[in-house]
Amino acid sequence: MSILASGGFWAFVGVVAGIYTILALGLQVQFGFAGLLNFGQVGFMAIGAYTMAILVVKEGWSTWLAAPLGIAAAAVGGLLLGLPSLRLRADYFAIVTIAFSEIIRYVATNDTALTGGSQGTIALGPIGTASQYNGQWSSFEARVQHALGFSSSDATMLVLVWGVAVVLLALCWLALRTPWGRVLRAIREDEDATASLGKNVFAYKLQALALGAALAGIAGLFYAWEFSFFSPDDFQPLLTFFAWMILLLGGLGRVWAVPVGAGVFGFIFAGTRFLDFAPFTWFASDQRAYLRLIIIGLIIIVLVLVRPQGLLGNKREMVLE
Amino acid sequence: MTELLRVEDVVRTFGGVRAVDGASFAVADHSVTGLIGPNGAGKSTLFATIAGSLKPDSGRIVFGSARIDRRPVHRIARAGLVRTYQAARVLTRMTVLDNVLLASAAHPGERLAGLVLRPGAARAHERRILERAHDLLALVRLESHAHAYAGTLSGGQRKLLDLARVLMLEPSLVLLDEPMAGVNPALREELLERILAIRRDRGVTFLIVEHDLDFVMQAADSVVVMNEGKVILVGTPGEVRVDERVVDAYLGKAH
């Protein structure tokens with residue numbers, strides 16, 4: 001039980017939940033606000049992380065220039081994906097987004113010269129050297145840790161990730177309450193009716209897609225900084241579906257439901273790691289690993305059955321149909 | 001008469017079916033024009049083609065002085081030609097007030113750049129349209145429902161909300177798709193009175209597709225009769241009522 005009681009472990013769970021919050025917030029903007037079914041969110045996360053790492057290692061850029069460019073690259077990825085495919089019907093668009101994120105992952109795996117290939121970011125630089133992209137980030141983190149008087153870097157990262165997450169959540173909350181957000185909500189419900197009221201539905205969908213992609217890019221940056229190394233395998237479609245689970249758990253259309261969903265998901269995900277008591281001990285440890293996924297799935301199914309609008313969702317405004 | 005809308009030889013087919021087969025007519029400015037015809041005459045297709053959600057295979061549609069038949073729906077709406085739907089498509093998960101506010105044209109707060117660079121202008125615009133939205137809701141007597149979800153309104157009330165919402169756009173031509181369908185008799189009189197008052201006070205022109213012939217005869221200055229995709233007659237309600245071709249179209253030639 002020692003690891004369960006360790007503050008460092010729970011700080012790590014909190015950091016991951018914060019990164020998931022930013023990732024799922026992007027889906028909330030796209031689906032919860034504008035009704036876009038994006039199943040390729042992890043692709044934008046990969047674009048953000050790789051753009052930053054490549055610029056820092058290969059081009060020698062400052063992290064503070066490379067990071068915003070990573071976010072911008074993710075947003076541009078959203079525009080490029082949306083321009084040809086947003087006119088498709090919702091279900092076809094969803095299929096295209098999965099394909100998009102897989103294309104990103106396959107390119108990252110195979111274009112070794114650009115990304116380091118399947119070895120990951122450690123192979124970004126010349127052969128025989130272990131590349132590092134987060135020197136500047138680490139010294140920044142150390143300064144913050146010193147300023148806050150914290151003893152662990154986990155706690156520092158927790159504060160940084162959640163500080164950014166809260167600012168982003170607040171911005172999205174405000175944006176939803178503007179006339180711009182009102183048009184998005186209208187599109188979510190009936191895009192033909194919204195177009196016949198003079199709104200350029202395509203332009204709004206494109207904006208929502210690009211903004212959600214930018215948020216995924218930010219999640220990608222924190223992912224890169226938290227783990228100091230990543231490879232294409234970190235951006236499996238499963239990650240997108242984790243973000244969707246968070247959205248469904250928390251509730252659609254509500255900004256503050258995202259961190260709640262991420263917290264619950266993180267707790268279940270981390271908590272089920274320690275099923276080291278009967279009846280779970282009847283199974284071998286590798287079987288237990290699968291059992292854990294089954295249990296997570298069951299908990300989520302039950303939650304969605306009991307509260308289809310999510311934990312914080314408004315039933316009149318948004319029920320999963 | 002000044003023409004506001006001119007439909008010229010419009011053809012629209014679905015597979016081999018010529019739903020609209022060379023229809024031509026004009027709508028006079030400030031008129032209430034009825035568009036009638038038996039089921040399958042092509043009224044709804046023609047309506048959707050004028051509003052821009054369907055594109056004609058051939059022919060021209062001129063609104064004011066501009067051709068609109070190739071423009072996307074939202075640009076036609078911004079030019080001042082808007083439609084309502086037979087089953088009013090109000091946004092049920094938004095409040096009645098938000099439904100009306102949504103329709104405001106050229107809102108700086110609906111652009112991200114406007115929100116960031118000119119937040120003051122966005123707020124000022126919102127204040128102005130808030131007042132207008134309440135006036136329009138008062139006009140259709142939905143003022144007391146302003147903060148209710150539009151999904152709680154009855155079918156008839158939704159039609160009134162749709163009308164208020166469309167007026168928020170300050171249109172010059174409103175296409176009403178079966179405004180009387182599913183509306184109870186008490187509300188019927190009110191809707192007729194509202195439409196005539198809006199035309200009188202705001203100079204709005206109406207083109208109305210309607211199966212309730214009594215209503216059309218009461219409301220319209222001019223009636224366009226369609227059958228089998230073609231316009232077979234244009235005249236005053238008095239002329240249309242007694243024309244044999246209209247009776248034939250509705251009852252079949254053998255009656």
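Predicted model: local features only at pLDDT ≥ 70, side-chain atom pairs only at ≥ 80, totals over all residues.
Colleague: Staying with chain A, is α2(A) roughly parallel or roughly antiparallel to α11(A)?
Modeller: Helix α2 (residues 7–33) and helix α11 (residues 201–227) of chain A have axes 8 Å apart and pack at an angle of about 170°. An angle over 145 degrees counts as roughly antiparallel. So α2(A) and α11(A) are roughly antiparallel.

Colleague: And how many residues of the contact of α2(A) with α11(A) are nonpolar?
Modeller: On the α2(A) side you will find, among others, A:Val15, A:Ile19 and A:Phe33, and the α11(A) side includes A:Leu209, A:Ile218 and A:Phe222. Three residues of this contact are polar and one is charged. The nonpolar ones number 18.

Colleague: Over to chain B: which are the edge strands of the open sheet of six strands?
Modeller: The order of the strands is β6-β7-β8-β3-β9-β10 in chain B, with mixed pairing. From one strand to the next, the twist averages 20°. An edge strand pairs on one side only, and here those are β6 (81–83) and β10 (230–235) of chain B.

Colleague: In β9(B), which residue is the bridge partner of B:Leu35?
Modeller: Strand β3 (residues 32–36) and strand β9 (residues 222–227) of chain B pair in the parallel sense, over four bridges. Helix α10 (residues 244–251) of chain B lies across β9 and β10, at about 140° to β10(B). The β9(B) partner of B:Leu35 is B:Val224.

Colleague: One last stop, the hairpin of β4(B) and β5(B): which residue in the turn has a positive phi?
Modeller: β4(B) pairs with β5 (residues 66–67) of chain B in the antiparallel sense over two bridges, and B:Val62 has B:Arg67 as its bridge partner. β4(B) also pairs with β1 (residues 3–14) of chain B, antiparallel over five bridges, where B:Leu5 stands opposite B:Phe63. Two residues lie between β4(B) and β5(B), and the one with a positive phi, about 65°, is B:Gly64.

Terms used: Residues numbered from 1 in each chain as written. Chains lettered and ligands numbered in written order. Axes fitted to C-alpha atoms, helices over the stretch in contact; angles between N-to-C directions. Parallel < 35°, antiparallel > 145°, perpendicular 65-115°, else oblique. Contact = placed C-beta atoms within 7 Å. Nonpolar A, V, L, I, M, F, W, Y, C, P; charged D, E, K, R; others polar. Pairing = 2+ DSSP bridges.
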